Amino acid sequence: QANCVYALGIHPMYVPQAEEGDLAALRDAVEIAMQDPRFVAIGEIGLDFFMPGFSDSPLREKQEYFYSEQLKIARDFDLPVLLHVRRSQDTILKYLRRIRVPGGIAHAFNGSQQQAQSFVRLYFKLGFGGAMTFARALQIRRLASVLPADAIVLETDAPDISPTWLHPQRNSPEELPRIGEVMAELRGISTAALAKITSENARQVLPRL
């Protein structure tokens with residue numbers, strides 16, 4: 001569709017069945033996609049140490065290998081990355097310091113303020129969505145309220161991470177304006193001001209957007 005863009009990558013949830021040849025196929029696909037203005041990033045890639053067995057060897061090592069190799073693809077094509085970061089913030093950051101990419105978005109951010117600052121120093125924006133709408137999500141809500149304005153973007157992760165008024169039903173991008181209202185309230189600014197800030201941030205971190 002005309003109003004849609006896309007990224008290419010091997011999600012950590014699919015790493016268990018992925019093979020070495022898939023990385024070569026991804027690199028070839030990225031080279032072709034560079035001619036498509038709708039192609040904006042490498043992603044969603046990263047590390048998931050939350051799912052049962054995913055933080056144990058040898059799957060942990062395989063995840064880290066596929067993550068690092070995809071960072072190299074992003075580096076080689078000068079593309080931002082969209083990061084899946086689940087209980088893996090410090091390891092994600094370790095590789096980002098080794099393999100420098102132009103930046104990107106740490107999706108569904110749920111780390112500490114110190115980790116947030118580390119991502120920002122590496123030219124990443126931090127994504128906030130449905131989880132922020134839950135009153136019990138104290139850490140996420142605090143970060144959403146105090147992080148610098150140029151560090152935040154809005155997201156839905158549809159069909160997952162439904163906001164509190166929809167949970168546990170299927171999430172949708174249609175919920176984004178209301179999620180934005182929650183963040184605007186947390187930051188004490190107007191919804192219009194927040195929309196302008198987060199839209200500009202998204203365009204900055206995804207130049208092909």
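Visitor: Does glutamate 64 count as buried or exposed, and at what relative accessibility?
Guide: This is a predicted model, in which local features need pLDDT of at least 70 and side-chain atom pairs count only at pLDDT 80 or more, while totals for chains, interfaces and linings use all residues. Residues are numbered from 1 along each chain as its sequence is written, and side-chain values use heavy atoms, with hydrogens and water left out. Buried means under 20% relative accessible area, exposed over 50% and partly exposed in between, with a 1.4 Å probe and protein chains only. Glutamate 64 therefore counts as buried, at a relative accessibility of 11%.

Visitor: With which side chain does the side chain of glutamate 64 make a polar contact?
Guide: Glutamate 64 lies in helix 2, residues 59-77 (helices, H or I of at least four residues, and strands, E of at least two, are DSSP runs numbered from the N terminus). A polar contact is a pair of N or O atoms within 3.5 Å; within protein, one must be able to donate a hydrogen and the other to accept it, and residues adjacent in sequence count only if both atoms are side-chain atoms. At 2.6 Å, the partner of glutamate 64 is the side chain of tyrosine 95.

Visitor: Why do the buried residues of helix 5 line one face of the helix?
Guide: In helix 5 (residues 138-146), the buried residues are Ile140, Leu143 and Ala144. Seen down the helix axis, they line one face because they fall within an arc, taken from the directions from the axis to the C-beta atoms, of 100°.

Visitor: Which element supplies the largest share of the lining of the largest pocket?
Guide: A pocket is found on a 1 Å grid over the protein atoms alone, as an open set of points where a 1.4 Å probe fits, with protein on both sides within 12 Å along at least five of seven lines; lining residues have an atom within 4 Å of a point. The largest pocket is lined by 30 residues. The largest share, five residues, comes from helix 7.

Visitor: Which element supplies the largest share of the lining of the second largest pocket?
Guide: Among the 25 lining residues of this second largest pocket, Val85 and Arg86 are included in those closest to its centre. At least two lining residues come from each of strand 3 (81-86) and strand 5. The largest share, three residues, belongs to strand 3.
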